[in-house]
Amino acid sequence: MESFFCSDYSRQVGEEIIGSATNYQTYILVECPTPWKTQAFTSKWIPDNLRDLAQKIHSSTKSIRFLLIANDESHRKSETTVLIYNKPEGLITGYQKQEFILPDIKQVAGCIQQWLAGQKTDYQIENNITRDILICTHGSYDQCCARYGNPFYFHAQNTISELQLENTRIWKSSHFGGHRFAPTAIDLPTARYYGKLDQDSFRAILTRTGEIQLLENVYRGWGILPNALQVLEREIILNQGWQWFENKVAGKILEKSVDNNTILAEFSYETPSSAFYTYQAKLVKDEVKTRVLKSSCHATQECVVIKYAVASLDLVERKIPTYANIH
């Protein structure tokens, strides 16, 4: 029997990938050598205290995503890097990072618990790294991430090196959703999600140059926004170009119909010149783009993946500083 690859199937049925970025308050990324088991935090290098903490938080209502990360050096060294990306309040361009280097992975759970309790934590470091890009290579979770994620990660390292991007790191990552869009990536600290990547689109994303329309097929959405609003933000990007990425943004759902087919949302942004805009958007289920499909390689049943379209967009507030009117 021929193997089923959900990423191939998603492409065949023409599924749009926008609106598939997940929204978390905090990402906690723990360096751990591969291979990883299907449930990443049961992997052999994970100590019991860290496994228990991850399970406890996963079972709580906290909006925290634990992920394992690794690079080509992870299995050669004894110390462990921990990255915590936390989402600030209000209008933002992305998350705030704290980085820790611990002598032993057994100390990671204690460090994270201190951070969660708001206590001063040891082992925090500062560096000039301004960007961490995660590529899902978690093949034991979904075979598409091995088939497409691993080779992409290998070539992406070369792309970053060729561009001489000294402030950018790339990591293999455990599962963060959307494996049917493999190879898939999270670009931190912005928490923008991408999928169906190749090195040309990756190069454009890294440098924020080139044809903006390529994002139409590889942009999964911005993880600070509710899923339905991500389609609106993509429309704005395609209209405004790469300069849009410099704006601070916030968005929220105001109302939902009982069947989730209609959503009223609010979307605000502030430009670098301090001009401020708030819009109300009506989003409706897009009957043409909504798909019924198997969402993973191991899915036994198909599910409905609802896609939204922007039905209306109304400006409700606008503040432009006097000096911004000079042009």
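In this predicted model, the largest nonpolar core brings together 61 residues, and Y27, L29, L134, L215 and F267 have the most contacts inside it. Helix α7 (residues 227-240) gives the most to this core, contributing 7 residues. A look at L134 shows the kind of neighbourhood involved: leaving aside residues up to four places away in sequence, L134 touches L29, L67, I69, W171, S173, F176, T184, A185, I186 and L188.

Helix α3 (residues 108-116) comes next. Its residues V108, A109, C111, I112 and W115 are buried. These residues cover an arc of only 160° around the axis, which means that they sit on the same side of α3. The buried residues of α3 pack against strands and a helix, namely β1 (26-31), α2 (48-58), β2 (64-70), β3 (80-86) and β4 (96-102). After α3 comes G118, with a positive phi near 75°.

In one of them, the ring centres of F152 and F202 are 5.3 Å apart and the planes meet at 75°, so the pair is edge-to-face. Because F152 belongs to helix α4 (residues 143-162) and F202 to helix α5 (residues 199-207), the pair ties together parts 50 residues apart in sequence. Ring pairs also link W244, F267, Y269, Y277 and Y279 into a cluster. Finally, R192 meets two rings: its charged end sits over the ring of W222, 3.7 Å from the centre, and R192 also lies over the face of F245, at 4.0 Å from the ring centre.

Technical notes. Residues numbered from 1 in each chain as written. Predicted model: local features only at pLDDT ≥ 70, side-chain atom pairs only at ≥ 80, totals over all residues. Heavy atoms only, no water. Core = buried A, V, L, I, M, F, W, Y, C linked by side-chain atoms within 4.5 Å. Buried < 20%, exposed > 50% of the residue type's maximum accessible area, 1.4 Å probe, protein only. Helix = DSSP H or I, 4+ residues; strand = E, 2+ residues; numbered from the N terminus. Contact = heavy atoms within 4.5 Å. Arc of directions from axis to C-beta. Phe/Tyr/Trp six-rings, centres within 6.5 Å; stacked < 30°, edge-to-face > 60°. Lys NZ or Arg CZ within 6 Å of the ring centre and 35° of its normal.
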